[in-house]
Amino acid sequence: MTTEIFIYEDDRSDAMALSNTIETVAQNRQITVHVTTFNHSNDLLQATETHEPDLLFLDIDAGKNEPDGISLAKQIRTWSADIPIVFVTCMQEWALLGYEVQALHYLIKPATVQEMEVCFNRLEKLTGHRLKKQPSISIISDYKTLEIPIATIQYAEVKGNTVTIHLPGRSIPSNTSMTSLEQQVGDALLRCHRSYLINPKFVKHIDGNDFVLATGERIPIRINGRKSTIAQYHDWIMQHMGNAED
């Protein structure tokens, strides 16, 4: 499940800074966001009318060649009273104009992570719009409890009493049993081998008795039950392909 966020900002560095802050908060909250940045008002209006975002950030002072965020908000409100709008500005006095278009919140540049957290809290509290949290598992690693979004797990392997969970660029050892991990992830991961669980979305292709990931890593497929495992993999792909845009 993905939360769609649009940003209207003529300054590319400001847009990048705002997007990075949003991504940081999303990671902290374990939610998936898709951020689209617009430099031109016509592109934003067309996209917003075609596909309403879950949250819209508008720069109030967008420069000489583009309409300001308040004007754009008024246009958007002619066809949608529901899109949560957050104004971004360099000057606090501009923020008062947001009440004319029922703005959810305003942020002073550069927005901090703490201020963005407040913005997301207001979104949930004032509009009842619950941000879509990624399903996650809870494990203990190095005496700490960690929450790991299932969608980020590439594969898990057990050696001895240690289950190692592999994420992009990171591996996490845990005392969690493979059976417990399999129960937590449900059908999101595939038990392809006695010692391995794999996330089919990270599989690039099948080579002989191995699943090959985009990283080049090879994950063995059980010999007894190989055909059944490959069939489960194909079923998983078919089932989840249709939900990829949710």
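1. Lining of the second largest pocket. The elements that supply two or more lining residues are α1 (12-29), β7 (144-149) and β10 (170-174). Note that this is a predicted model.

2. Which classes of residue line the second largest pocket? Eight are nonpolar, four are polar and three are charged.

3. The chain as a whole. Six helices and 15 strands make up its secondary structure. Of the 246 residues, 43% count as buried. The exposed surface comes to about 13600 Å². Carbon and sulfur atoms supply 49% of that surface. Take the contacts between residues at least 6 apart in sequence: 55% of them join residues at least 24 apart.

4. E4. This residue sits in strand β1 (residues 2-8). What does the side chain of E4 make a polar contact with? The partner is the side chain of H34, at 3.1 Å. Beyond neighbours within four places in sequence, E4 is in contact with H34, H51, P53, D54 and L55. H34 lies in the range of β2 (32-38), and L55 in that of β3 (55-59).

5. Helix α2. The helix spans residues 41-50, and its buried residues are S41, L44, L45, A47 and T48. An α-helix has 3.6 residues a turn, so residues three or four places apart point the same way. S41, L44, L45 and T48 are among the buried set in α2. Which elements cover these buried residues? The cover includes β1, β2 (32-38), β3 (55-59) and α3 (69-77). Strand β1, part of that cover, is also the strand that holds E4.

6. L123. Helix α4 (residues 113-127) carries this leucine. Is L123 buried or exposed? L123 counts as buried because its relative accessible area is 0%, and the cut-off for buried is under 20%. L123 and L55 are 68 residues apart in sequence, yet their C-alpha atoms are 8.4 Å apart in space.

How values were computed. Residues numbered from 1 in each chain as written. Predicted model: local features only at pLDDT ≥ 70, side-chain atom pairs only at ≥ 80, totals over all residues. Heavy atoms only, no water. Helix = DSSP H or I, 4+ residues; strand = E, 2+ residues; numbered from the N terminus. Nonpolar A, V, L, I, M, F, W, Y, C, P; charged D, E, K, R; others polar. Polar contact = N/O pair within 3.5 Å; in protein donor to acceptor, adjacent residues only side chain to side chain. Contact = heavy atoms within 4.5 Å. Buried < 20%, exposed > 50% of the residue type's maximum accessible area, 1.4 Å probe, protein only. Areas by Shrake-Rupley, 256 points an atom, 1.4 Å probe, with all protein chains shown as cover.
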